[in-house]
Amino acid sequence: MSSLIRRLLLAVPVVVLIGGGVWWATRPEPVAVVFREIERGLVESTIANTRAGTIEACQRTKLSTITGGRIEVLAVREGDRVEKGQLLMKLWNDDQQAQRAWYATQVATARQRVNEACTVAANAEREAERQASLRAKGFVSPAKEDSARSEAQARSAGCAAARADVVQAEARVRLTRVEEARTVLYAPFAGTVAKIVGEVGEYSTPSPPGVPTPPAIDLIDDSCLYVKAPMDEVDAPRIAAGQPVRISLDALPRQSFPGKVKRVAPYVSALEKQARTVDIEATFDDPTAPGKLLVGYSADIEVILDVRENVVRVPTSALLEGGRVLVAGAEGRLEERKVKTGLANWEFAEVLDGLAPGDRVVTSLERAGVKAGAPYSVDGQAAAGR
C-alpha cells in the first residue's frame with residue numbers, strides 16, 4: 001500500500017508538469033495592439049469639398065477688341081501691373097483716324113456756314129422790321145413789307161439748317177470715335193496682366209458668338225481673392241453664408257486658415273460621370289495670412305457646422321459597428337464596452353456615456369485576432385510612433 005502511495009506521489013508532479021507544458025504550448029499568443037488614452041478636448045462637425053477647389057480673383061476679365069485687325073501697339077507685357085483706364089493694346093486704325101480728321105474739318109466748315117447764314121438772317125430780320133415801320137407810315141406798299149418778311153423767314157430757316165449741319169457733322173465725328181474704340185483696349189480696373197495672345201504685327205481676331213477664341217488679354221485683380229469649391233449636393237442644405245470654415249492650400253502644406261462662407265450657388269452642377277455638386281465661395285478672415293497667393297492654386301474648404309469644447313472624446317478609428325469599443329481589461333485581456341456618442345467627425349467622436357478620461361481604447365482594430373477576450377500586448381513601436 002505504501003508502495004502505491006509513493007508511486008502516486010511521484011506521478012502527480014509529472015502529470016502537473018505535463019499538463020502545464022501542454023497548456024503553455026497551446027495557450028493563445030497575445031495580440032500586439034495600439035492603445036489611445038481617452039482625454040477631453042475639442043470635437044467638431046464638419047463637411048469638406050468633394051473635389052479640389054480653386055483660388056479665384058474677385059475681378060477677372062478676358063478682353064478682346066470688338067473688331068479684328070493687325071496689332072499696332074502692345075502697351076503692356078505679361079505680369080505688368082496696370083491702372084484703371086490704362087492703354088493695353090491698339091490695332092491699326094489709320095483709316096478711321098483719317099476719316100475722323102475729315103469729319104472734323106466738316107464740323108469747322110459747317111460752323112463757318114452757321115456764322116454766314118445766321119448773320120444774313122439777322123440782317124433780313126432787321127430789314128423786315130424796317131419795312132413794317134415804313135408800311136405803318138404809308139411809305140411802302142403791303143407787298144413790299146410781305147416780301148421783306150418772307151425773306152427774313154427764309155434766311156432764318158437757312159440759319160437753322162446750318163446749325164443742324166453742325167450737329168450732323170459732330171455726330172459723324174463721334175461715330176468715328178466709336179469705330180476707333182472698337183480697335184483699342186483699355187484696362188477696366190486696376191490689376192495684373194496674366195496673359196497676352198498675339199504680338200505686334202499679328203492679326204487679332206475677336207471671339208464670334210459660340211466660338212471659343214482665346215482672348216487677347218487676360219486681366220486679373222489679385223488684390224481680392226476667394227476660394228471656390230464643389231460640395232456634395234446632400235450637404236448643401238446645411239451650408240449657409242457666414243458659417244466659419246478652414247481653408248487649406250496644397251501650396252502651403254500642414255497649414256490652415258480661418259474664413260467664412262461668402263456665397264452658396266443657387267443651382268446644382270451636374271458634370272458628366274461625376275456626382276452632382278453645389279459650388280460654394282469662401283473668403284479668408286485675414287487675407288494677408290497666407291501670404292502671396294496665385295490665382296488657380298488648389299484649395300480645400302472645410303465647413304464647420306458645430307463645435308463641442310472640452311468634452312470627453314474617443315478616436316473615430318477606435319469605434320466598432322454599433323457604438324462599441326475595445327478597452328484594456330483586467331488580466332491582460334481586451335474587453336468590449338458599449339459607448340454612447342454625440343457630435344463626431346473623421347478624427348474624434350464626443351462620448352456621452354461609457355468611457356471616462358484615462359481609459360485606454362484599441363485603435364488598431366484592423367489587426368488579426370483583435371477581439372473581445374483576446375490577450376494583448378502593447379505595441380511599443382506603434383505607440384512610440386504616435
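Let us start with a glycine: Gly 41 counts as buried, at 13% relative accessibility (buried means under 20% relative accessible area, exposed over 50%, and partly exposed in between, with a 1.4 Å probe and protein chains only). This is a predicted model, in which local features need pLDDT of at least 70 and side-chain atom pairs count only at pLDDT 80 or more, while totals for chains, interfaces and linings use all residues. Residues are numbered from 1 along each chain as its sequence is written, and side-chain values use heavy atoms, with hydrogens and water left out.

Gly 41 belongs to strand β3, residues 39-48 (helices, H or I with at least four residues, and strands, E with at least two, are DSSP runs numbered from the N terminus). Along the chain, Gly 41 and Glu 309 are 268 residues apart, yet 6.1 Å separates their C-alpha atoms. Setting aside neighbours within four places in sequence, Gly 41 is in contact with Arg 308, Glu 309, Asn 310, Val 311 and Arg 313 (contact means heavy atoms within 4.5 Å).

Which residues have the most contacts inside the largest nonpolar core? They are Ile 55, Ile 301 and Val 303, in a core of 21 residues. Here a nonpolar core is a set of buried Ala, Val, Leu, Ile, Met, Phe, Trp, Tyr and Cys residues joined through side-chain atoms within 4.5 Å. At least two residues of this core come from each of β4 (53-63), β11 (217-232), β12 (244-249), β13 (252-264), β14 (277-284) and β15 (298-315). With five residues, β11 gives the most to it. In soluble globular proteins, nonpolar side chains tend to be buried together.

Not counting residues up to four places away in sequence, Val 303 touches Ser 45, Thr 46, Ile 47, Met 231, Gln 243, Pro 244, Val 245, Val 261 and Ile 280. There is also a second, separate core of 15 residues, which includes Ile 71, Met 89, Ile 196 and Ala 216.

## Helix α2

Helix α2 covers residues 94-137, and its 44 residues should span 64 Å at 1.5 Å a residue (the expected span is 1.5 Å times one less than the number of residues). The end C-alpha atoms of α2 are 65 Å apart, which agrees. Among the buried residues of α2 are Tyr 103, Val 107, Ala 110, Val 114, Ala 117, Cys 118 and Ala 121. The cover over the buried residues of α2 includes α3 (142-181).

Both ends of α2 have something to show. In the loop between β7 (87-91) and α2 sits Asn 93, which is buried with a relative accessible area of 2%. Asn 93 touches Glu 72, Glu 180, Thr 183 and Val 184, not counting residues up to four places away in sequence. Just after α2, Gly 138 takes a positive phi of about 85°.

## A four-stranded sheet

An open sheet of four strands has the order β8-β7-β5-β10, and the pairing is antiparallel (two strands pair if DSSP finds at least two bridges between them). At the edges stand β8 (184-186) and β10 (203-204), each with a single partner strand, so one side of each has no neighbour in the sheet. Strand β5 (residues 69-74) is joined to β10 by two bridges. Opposite Arg 70 stands Tyr 203 in β10.

## Disulfides

How many disulfides does a search of the whole structure find? It finds two, a disulfide being a pair of cysteine sulfur atoms within 2.5 Å. One is formed by Cys 58 and Cys 224, with sulfur atoms 1.9 Å apart. This link is left-handed, with -55° about the S-S bond. Cys 58 lies in strand β4 and Cys 224 in strand β11, so the pair ties together parts that are 166 residues apart in sequence. Cys 58 is partly exposed at 31% relative accessible area, and Cys 224 is partly exposed at 32%.

The other disulfide joins Cys 118 to Cys 159, with an S to S distance of 1.7 Å. The torsion about its S-S bond is about 75°, so this disulfide is right-handed. Because Cys 118 lies in helix α2 and Cys 159 in helix α3, the pair ties together parts that are 41 residues apart in sequence. Cys 118 counts as buried at 16% relative accessibility, and Cys 159 is buried at 7%. Numbered in sequence order, the bonded cysteines of the chain pair as 1-4, 2-3.
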